[in-house]
Amino acid sequence: MIDTIPLMEQLQGELVGLLRGFDAKQWAKPTACAGWSVKDVAAHLLDGHMRRLSLCRDGHSIAFEGGDLGAWLNGLNAQWVGATRRLSARVLVELHELYGPQVMEFWRGLDPRGKAFFAVGWAGEAESEVWFDCARDFTEHWHHQQQIREATGSASLMNREYYPVVLSILMRSVPVAYAGVDEAAVVGIAAIGEAGGEWTLERRGDKSRWEIREGRASAGTDCRIEMAERDVWLLFTKKLTPGEAAGRARVTGDRRWAEPFFGSRAVMG
């Protein structure tokens with residue numbers, strides 16, 4: 001289990017402090033989210049808080065009539081961002097100040113080992129524990145705040161305090177990318193940088209599933225993948241295509257074991 005609540009609370013405080021200091025030009029800067037400004041991404045983060053409280057704390061429901069879940073979620077996100085363009089930056093910050101603490105109170109009131117409201121589908125789970133649902137939210141909020149920071153030239157959150165925890169969560173998407181590979185192998189994965197780390201992905205002959213663990217393999221590997229720590233984040237969040245990621249990675253050993261990795265995704269939509 002990974003307890004991300006303290007870091008999430010700290011992250012929320014950093015966001016409010018950051019947004020308070022922006023001028024009109026910074027609010028309007030474009031981000032890596034196509035068509036979304038810094039203000040739009042900040043509004044999207046607020047939507048995450050308010051939707052979580054509405055659905056999970058208050059029992060409100062939003063009808064999903066079937067079809068592509070990712071497309072439906074993207075539509076909800078776009079509707080919200082479009083509506084919040086009517087709000088001032090000041091109102092947006094004040095709403096973050098109001099609802100951020102309520103979200104933290106909500107998470108702290110739950111049993112971390114209880115059944116989550118939402119399964120973490122990108123990790124291949126049909127049912128998740130609360131701590132993992134919370135950890136998924138933490139990575140979402142880290143991810144979008146980092147986009148805001150990169151767009152405005154603000155201090156990066158890709159540091160030793162946050163990023164190793166982010167990676168330890170996002171790496172849980174990797175076995176899903178290998179689900180169709182039935183052979184046994186050991187793959188080493190390294191995120192190269194001051195805040196990066198190493199993981200071992202393995203499927204033994206007597207196991208039906210791939211498993212990933214933190215740390216370098218104690219024995220040899222069939223393949224080793226090395227990527228810059230920032231590129232790993234971009235890959236997992238769909239800001240690099242598999243081809244782009246493969247072109248930026250250094251692969252040693254049998255390259256066929258690396259190809260599924262470049263299809264890893266740790267976001268919905």
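Which residues lie nearest the centre of the largest pocket? They are R51, L73, N77, E140 and M268, out of 36 lining residues. The structure is a predicted model, in which local features need pLDDT of at least 70, side-chain atom pairs count only at pLDDT 80 or more, and totals for chains, interfaces and linings use all residues. Residues are numbered from 1 along each chain as its sequence is written, and side-chain values use heavy atoms, leaving out hydrogens and water.

**Largest pocket**
- A pocket is an open set of points on a 1 Å grid over the protein atoms alone, where a 1.4 Å probe fits, with protein on both sides within 12 Å along at least five of seven lines; lining residues have an atom within 4 Å of a point.
- The volume of the largest pocket is about 1,300 Å³, a volume being the space filled by probe spheres set on the points.
- At least two lining residues come from each of α3, α4 and α6 (130-152); helices are DSSP runs of H or I with at least four residues, and strands are runs of E with at least two.
- The lining comprises 18 nonpolar, 10 polar and 8 charged residues.

**Second largest pocket**
- This pocket holds about 450 Å³ of space.
- Its lining has 22 residues, with R172, P175, R209, W210 and E211 nearest the centre.
- β3 gives the most to this lining, with 4 residues.

**Residue F64**
- F64 is located in the loop between α3 (38-57) and α4 (69-84).
- F64 counts as partly exposed because its relative accessibility is 37%, between the limits of under 20% for buried and over 50% for exposed (1.4 Å probe, protein chains only).

Key. Nonpolar A, V, L, I, M, F, W, Y, C, P; charged D, E, K, R; others polar.
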